[in-house]
Protein chains: 2
Amino acid sequence: MRLSQNFTHTLREAPADEVSRNAQLLIRAGFVYKVMAGVYAYTPLGLRVVENLKQIVREEMNAIGGQELIMTNLQAKEPWEETTRWSDEVVDIWFKTKLQDGTDLGLAWSHEEAILAMMRQYVQSYKDLPIKVYQFQTKLRNELRAKAGIMRGREFLMKDMYSLHSSAEDLDAFYNQSIEAYKRCYERFGIGDETFVTFASGGAFTKFSHEFQTICDAGEDILYVHRGKNIAVNEEVLDEAVKELGISKDELEKVKSAEVGNIFNFGTEKCDQMNLRFTDKDGTEKSIYLGSYGIGITRVMGVIVEKFADDKGIVWPEHIAPAKVYMVQIGQESKAVADALYDELMGKGIEVIYDDRDERPGAKFADSELMGIPYRITVSDRLLGDEKFELTPRSTGLAELLTREELLAKLG
Amino acid sequence: MRLSQNFTHTLREAPADEVSRNAQLLIRAGFVYKVMAGVYAYTPLGLRVVENLKQIVREEMNAIGGQELIMTNLQAKEPWEETTRWSDEVVDIWFKTKLQDGTDLGLAWSHEEAILAMMRQYVQSYKDLPIKVYQFQTKLRNELRAKAGIMRGREFLMKDMYSLHSSAEDLDAFYNQSIEAYKRCYERFGIGDETFVTFASGGAFTKFSHEFQTICDAGEDILYVHRGKNIAVNEEVLDEAVKELGISKDELEKVKSAEVGNIFNFGTEKCDQMNLRFTDKDGTEKSIYLGSYGIGITRVMGVIVEKFADDKGIVWPEHIAPAKVYMVQIGQESKAVADALYDELMGKGIEVIYDDRDERPGAKFADSELMGIPYRITVSDRLLGDEKFELTPRSTGLAELLTREELLAKLG
């Protein structure tokens, strides 16, 4: 991307009403635009990060047999009434609206009921199971307060997967597969070392549910981490969990954390409530086991901003950054060299943000830091006199002078 | 995709309340699921078609300098009040809802006002123009009736692009570029020959607006087509247009058609209403010219189903089909050959739906026709005795017996 073509520009100040650090930085760097509290549009730079996160999750969900589909925002009342979740007393974050004839509609904050209502059309026999489907869906939640930026929005993007099984054992096996798939996602996002499978308060069927929590000062949760065992316990179930897991509280480190995913074993309760059953090989009607598995894509993006940002701005991990390289060009003679280098890197599939604007070098350096692009290349008349390029990783800030060959080798 | 892994299966009957042919076929073939009238979920097969359409449009919009972003479903009232379009009298298809504190919100049926409100943050100077942005967005429209399947939904996917310019000439030039980009989209969708740039009733600024209309019996419009000049006139402006274009009504062919895209020149009216201006080189404040450009992605999908379907089912054009090949395997000995062929084709990037289900051959043939996959390969014990494979294009139904080499050459 040539920065001269990009319509956003960096801002010195975030909007006065924006209190969250992730949104302040993302707005200033030109990744999101604030429509209202908890509602953010994603500009070309921000959308690239979202798409990078989605693609990683897509690959991992496909690898465990997930099939991608897309459900709807508009929700009929009836399926949600079957589980009592239409009620505003039971679910206090519904946005609702009406058709012109007065029919009530809900706007999807989750999709369990919608998925199961659909599955009544497709699931009859044991031959139809298991089913593993997922989507990337815009969810709308009428949060009373929205002060956490894109970490807890009123409109946000979520990957939600649902699995249906003919037995508890089959669900358990897939549930464990999904834990491993989630770990690979966080690893690839660049937060694997600091993200823990966490025991949290359980649901209908199991003693504990599992959350994925990332150590993060801006998080809303308190976590007790066992780094040796690579697990953690949410404060809400601490006493129960240490007993169950046979660990001592002394072994645990208390940290602030943000939830970046959760998986949930519904057992047969939800499908039974919705009257979704299957006929087994022996001709008897049986209950269906349901699991659900969520990753808040835009939430993860917010957590990553909070976690790695420094006083100069955002620091994106390499696999999710909107580009690998930010190229600053200084002077007149070096322009042709920078143009050629841009074409060469892009041709190799290395995404470059080329700062070809008519700006002072200092402003370009500051923008490259605010935007958090992993590597900055400086191409200047002065450096080219020595046939050198400057390469500066965002995370360390330590510049190196390299020949063209050394530069290409480092980035390859 | 191995069909045994796909959760949808074909249905003999569409839901009794579904009156549109496109939705009937798409539901029966397992491409969409009807949530309610005008609201459809897209299953893995359907989502593939949607993504193929999106990717073609994305490439063509990028090629003319479009930048992809994503706006929001939740809309603040204020920007829409500035142009009077918040009013339900002016726009009669709003879905509206409320925050918990009673604040009115709209659900996006279009994004002109939202885009311009955002651009007030980024556009000050002539240096910030032109801007060309687009998105693939779920639009919600509270249609009184919804009887056209996915051709006119209450929830649907649209590509909408907006361009901002410092002069009428610059807008005109981009407007003409976008007409050419749109033509390439329809060409690649497989409906280029029957899609016409159409003169329709104009807006604020120009005598005519431009629609793209595809000849289609299920369409809602009446068109007068000039095949020689490759243009058409919407019935609503027939008298005016023939005069303006210097053609005679006798040269025109009257057909039924469906709108598959529209482009609109707002002149400076919309930006002036919203108080979005720029400072020119000479320091004076000037008005901004706006164009908007829409393609209803799911609508196009519906039109294509209506247009090409025959009595056996859907017929997808090759570039948007969910797979190029539907492979039917019959017998026991040929199984290993079919497995190997599936792996080989997929390895070459040729998408295959492999019907590996335990079903009668007749059911497999019927499903391949209902689903409309461009090429069917039959791998059977009997044919393999002669070292042959059967290849049947969906559009002609004319089977050919080919050797393995001939088959691969045909599909490559």
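Predicted model: local features only at pLDDT ≥ 70, side-chain atom pairs only at ≥ 80, totals over all residues.
Let me start with how the two chains meet. On that criterion the contact takes 38 residues from chain A and 40 residues from chain B. On the side of chain A that touches chain B, the elements giving two or more residues include strand E1 (32-36), helix H2 (44-63), helix H4 (112-122) and strand E7 (131-140) of chain A, and it is E7(A) that supplies the largest share, four residues.

Now, how do the two copies stand to each other? Chain A can be laid on chain B by a turn of 180° with a shift of 0.0 Å along the axis, and the RMSD of that superposition is 0.0 Å. The two copies are thus related as by a two-fold rotation axis. If you want to find that axis on the screen, go to Thr97(A), whose C-alpha is the one in chain A nearest to the axis, at 2.7 Å from it. As for the surface itself, 100% of the interface residues of chain A are also interface residues in chain B, so the copies meet through the same surface.

Let me turn to the inside of chain B, and to a pair of helices. Helix H1 (residues 21-29) of chain B packs against helix H8 (residues 297-308) of chain B at an angle of about 90°, and their axes are 9 Å apart. Because angles of 65 to 115 degrees count as roughly perpendicular, H1(B) and H8(B) are therefore described as roughly perpendicular to each other. From H1(B) the residues taking part are Arg21(B), Asn22(B), Leu25(B) and Leu26(B), and they meet Gly302(B), Val305(B) and Glu306(B) in H8(B). The residues of this contact divide into three nonpolar, two polar and two charged.

Next come the strands that pair with strand E13 (residues 253-267) of chain B. Strand E10 (residues 208-215) of chain B pairs with E13(B) in the antiparallel sense over six bridges, and within that pairing His210(B) stands opposite Ile263(B). Strand E11 (residues 221-226) of chain B is also antiparallel to E13(B), over five bridges, with Ser257(B) as the bridge partner of Asp221(B). Five bridges also join E13(B) to strand E16 (residues 289-296) of chain B, again antiparallel, and here Gly267(B) stands opposite Leu290(B).

Further along chain B there is an open sheet of five strands, in the order E18-E17-E19-E20-E21, with mixed pairing. Which strands stand at its edges? They are strand E18 (352-355) and strand E21 (400-402) of chain B, each of which has a single partner strand, so one side of each is left without a neighbour in the sheet. From one strand to the next the twist averages 25°. Strand E17 (residues 325-330) of chain B and strand E19 (residues 375-380) of chain B pair in the parallel sense over six bridges, one example being Met327(B), whose bridge partner in E19(B) is Ile377(B). Helix H9 (residues 335-347) of chain B lies across E17, E18 and E19 of chain B and runs at about 165° to E17(B), whereas helix H12 (residues 404-411) of chain B lies across E17, E19, E20 and E21 of chain B, at about 25° to E20(B).

I will finish with some backbone details. A cis peptide bond joins Leu129(A) and Pro130(A), with omega about -5°, and Pro130(A) lies in the loop between H4 and E7 of chain A. In chain B the peptide bond from Leu129(B) to Pro130(B) is cis as well, with omega near 0°. Asn275(A) has a positive phi, near 60°, although this residue is not a glycine; Asn275(A) sits in the loop between helix H7 (269-273) and strand E14 (277-279) of chain A, and is exposed, with 9 other C-beta atoms within 10 Å. Thr84(B), likewise not a glycine, has phi near 70°, and with 11 C-beta neighbours inside 10 Å this residue counts as exposed.

Notes:
Residues numbered from 1 in each chain as written. Chains lettered and ligands numbered in written order. Contact = placed C-beta atoms within 7 Å. Least-squares fit on C-alpha atoms with pLDDT ≥ 70 in both. Axes fitted to C-alpha atoms, helices over the stretch in contact; angles between N-to-C directions. Parallel < 35°, antiparallel > 145°, perpendicular 65-115°, else oblique. Nonpolar A, V, L, I, M, F, W, Y, C, P; charged D, E, K, R; others polar. Pairing = 2+ DSSP bridges. Buried ≥ 20, exposed ≤ 12 C-beta atoms within 10 Å, placed from the backbone.
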